[in-house]
Each structure stands twice: as C-alpha cells, then as structure tokens.
Amino acid sequence: SDQLIQGTGTINAQMHFANAGWHHLSAPGSITFDKVSFNNSMALEFTGANRNIYRWDASRSGWFYTKATSDFGDSAYTVYMPASVIPTTINLAYVADDMDADVVNGDNDYTVRYHVPTSVPVNAAVGWASGNPADNAGWNMVKNPFWGHISWETTDDYLPAGLDNAVYYWNPASGAYDSWSSGTATNKYDIIPLLSYFAKAGNAAASANFTRGKSSVFDGASNNVFSKVANVKPQMILTATTASQSTATHILFDDNASSNFDGEFDAYFRGVNPDRISFCSVSADSSALSINQLAFPNPTEDIYLTFDFATDGESATISLDNSYLPNGIDAYLEDTETGMIVDLNTTSYTFTNNINAPKQRFILHMTNNAVSLIEYANEEPLDAFRNNGQLVLKGSELNGSHHVEIMDMTGRVVVSDHVQFSAGEGRLTAPANGPLVVRVWADNRALVVKTF
C-alpha cells in the first residue's frame, strides 16, 4: 500500500526485542519520545551515568546526546538494552496522521549528507571502516520510513552518483555489522520496521536525494528476504571460528569488479564488539572488506585476510564453503606466522591465536582454471580451429606474446603457455582430439572460444 493514514485517533505500534545490547533504531513518521514506552522495566535515559540513547549526526559524523522532547522519527538513534530487561517490547502511540508524516504518495526521500571527520567521536570507536578518521567520511544513518520490510535490492539501482551500493546494519545478537551489496549479504536479514542502517556517501552524493517507495516494501516473507544467495555469483564464503563463535567473510567473482574497493560491489568491514572475532579480507588499496568482489583471478590472485581476537592461545579454525565456487578455482591459505599452507578446498585450517602476530596474518592464494560466463559474452571474437596438427588461434587485437590456456571438458588444463601472435594469428601444437575451451589473455581481459 501507499501507507496512507488519515485521522486523529491513536495508533499503537509495537516491536519485540529478544537481544540485549545496542540497537540502531528510528521511527517511521513523526513521534516524540514522550509517546514511546517499553515493558519489562526498560526505559530511555537521556541524562547522567545511565544515559542509554544517542543520536547519529551525519553532518558531524558521530553520536551525540539527545533530549526527551526530540522526535524519534527525525533522526537515527542507538539505544542500549541491558540483559536485565530482555525480552522487551517497544510501544509507539502515534497520532494517526503522524505515522506517515514523511511518506508522500507512497515514497520517502532522504537527503544525503557528506562530512569528513577529524577525529573518532565518543562511543564510535567500534564500527568504523578504519582507525583513520579521514577514511570514514560520508556515513549516513538512514531510517526505514515504513511499517514494512524494505528490500534494498529494489532500491540500489536508483541511488545518486557517489552513494555506495552497500548498506550496513548492526546485529546485536552477533555483536557485529551485517552488510549487503550487489546481490549478496553476510546474513539473512532484511531492513525491518524501526531499523536504521548505515550507507556511505562520497562528496559527489552530497545533498542529493534517493527514494524508498512502496515497491521496495514487502511483508517479511522469507522468500523475499535478500540473503547471501539472493543473486548467486561465484563466491567463496570463508568462516573463522574460535571460542564457540563464528564469523564469515565473502569473496565474490564479477568480471566488472576490480581488486580495489568498488562502491558498486564491495562492503566495508565495520568492526565488531571487543569480545568478538574480527575477520575480513583486504582489498588491493588496503580497505578492510566484509564483502569483497573482484574479477576472476588472471590467472592468480593473492588476498590478505585479517584475523583478530582478544584471547591469546585460543584454538581457531578457518574453513571454506565452496558451494558457490566453480570447479577450477584453487584456494590455498598461507599462515605467515607458522609458514603452513593448506588447500581450503579439501580441508579446514586449525591454528593457535597469537595476539602478537600481525593482524593480516593470512594470505589467500587463488588460482583460476575455470572460465567465467562473462568471458563467453566478450564482444571481441576469438576463433580457434585445427589445421594439420596445429591449433590456429585468430583474434583481431592479438599481437605479440599472449598467455594461452586450453581446458578439456572436465576443466583440466591441458595447455598453459605463451604463444606468439602476428597480425592477429597464433599457432601451437594441437592437443588431443575432442572439444576444448581456449582462453587467451589480452590486456587483463580474457577472450574465450570453444572448439572441437
């Protein structure tokens, strides 16, 4: 619906909370805090040592005090709920017209703010993308303006230039941020009613608007929740486990992405509670990422992994879920502290946590013997045919030496060599008879053809 609400009566809206800790919240519409209450002895404290609510100000990049007379729908807030009051239920007593005060014709517009901080603000040391404040410009905390669930997947195609695709939402159950970007997520959560979430803007997005509308809202049915398999791309899901807790980081392959941070594809690693595992990959330009999308290895790629846990001497394990990984992608984990190298496609790796070891203790070495689907769609043609015991390769842009890989239909590499091309033609001794896939690397791109 358009969430069109009219009248002067009172509407009571409720939400149940089952987890202690910080919750990032903002109310749809307009409602002051004197009309907000909880059960089970939970109460908002705006002053003194028991203060448990702060307001995010994107124009100053930080958490700030707020007042009991403030509008719960005007900003995004973080609220602390101690274990002693859990479970609890929030009740919002709306004047009917106020419930949809910022939804016009079914749409809500948000104005993007951009600010470069000079220091890490109080109560924000956890959850920034970097320890350097200058790297944390442009964090906007955005509310869900609807009493419905938002699918960000229907919104991110219409963002203003300079606003990253990724969104980040604090998960009090895990003590870490979940993130979503370009069809994948680190957990199966949608943007529920009352939830506020972070999005990161560049200077180009300052003062621009983006719209969330009725087409982005659904009823929370599980088949609509965007998740880590919402848009199944070839990917590695790496999980670190220690002290009865686990966390995962995602590495995906998309030939339109790069090894550096890409606002269209990647999601920053925003930190965790001090007692949780920090585990993430690192981009080529040194950004810590929870979702790291890059082109298929060409033919190899090395990625550093950060592992950090506060308890020294604890046993830990890193494992690979390769359910969405094409055959032919090899993944070897190197422990720079011990010198051990393991094949993650065949086994997990167990080690002892050393708090004095480098944070980027691990290197993931990837080798690509697979062929991406996008390679087949390359507009620049490659021809391959047999002639008198030779395999002739023709491509108009090919001159000089190029790396050639030839695979049989099982994915086994039968030729991997450099071939000299002249006037767009190269020749090599033909492998055994049968269908083959030929891949020629040219300027960091792959030309692919199937031959018989």
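Residues are classed here as buried under 20% relative accessible area, exposed over 50% and partly exposed in between, using a 1.4 Å probe and protein chains only. The structure is a predicted model, in which local features need pLDDT of at least 70, side-chain atom pairs count only at pLDDT 80 or more, and totals for chains, interfaces and linings use all residues. Residues are numbered from 1 along each chain as its sequence is written, and side-chain values use heavy atoms, with hydrogens and water left out.

A search of the whole structure identified 7 salt bridges, a salt bridge being a side-chain nitrogen of Lys or Arg within 4 Å of a carboxyl oxygen of Asp or Glu. Side chains of opposite charge can pair when their charged atoms come close. Because Asp-335 belongs to strand 24 (residues 329-335) and Arg-361 to the loop between strand 26 (349-352) and strand 27 (362-368), the pair ties together parts that are 26 residues apart in sequence. Strands (E, at least two residues) are DSSP runs, numbered from the N terminus. Asp-335 is buried, at 0% relative accessible area, and Arg-361 is also buried, at 4%.

A salt bridge also joins the side chains of Lys-394 and Glu-425, with an N to O distance of 3.6 Å. This pair links distant parts of the chain, Lys-394 lying in strand 29 (residues 390-394) and Glu-425 in strand 32 (residues 425-429), 31 residues apart. Lys-394 is partly exposed, with 36% relative accessibility, and Glu-425 is partly exposed at 25%. Arg-60 and Asp-57 meet through their side chains at 2.9 Å, N to O. Arg-60 is partly exposed at 43%, whereas Asp-57 is buried at 11%. Together with Arg-55, these two residues are linked in a network of salt bridges.

The largest nonpolar core contains 27 residues, of which Met-236, Phe-307 and Leu-364 touch the most other members. A nonpolar core is a set of buried Ala, Val, Leu, Ile, Met, Phe, Trp, Tyr and Cys residues joined through side-chain atoms within 4.5 Å. Beyond its neighbours within four places in sequence, Leu-364 is in contact with residues including Met-236, Leu-238, Ile-251, Leu-305 and Tyr-332, contact meaning heavy atoms within 4.5 Å. A second, separate core of 24 residues includes Ala-13, Phe-17, Phe-72 and Met-81.

Ile-277 occupies the loop between strand 19 (267-268) and strand 20 (278-282) and is buried, with a relative accessible area of 3%. Not counting residues up to four places away in sequence, Ile-277 touches, among others, Ala-240, Val-272, Phe-307 and Asp-308. The C-alpha atoms of Ile-277 and Asp-308 are separated by 6.0 Å, although the two residues are 31 apart along the chain.

Phe-307 and Asp-308 are also among the residues that line the largest cavity, as are Asn-353, Pro-358 and Arg-361. On a 1 Å grid over the protein atoms alone, a cavity is a set of points where a 1.4 Å probe fits but cannot get out, and lining residues have an atom within 4 Å of a point. The largest cavity has a volume of about 60 Å³.

Technical notes: Helix = DSSP H or I, 4+ residues; strand = E, 2+ residues; numbered from the N terminus. 1 Å grid on protein atoms, 1.4 Å probe; cavity = no way out; pocket = protein on both sides within 12 Å on 5 of 7 lines; lining within 4 Å. Points joined across faces, edges and corners; volume = space filled by probe spheres on them.
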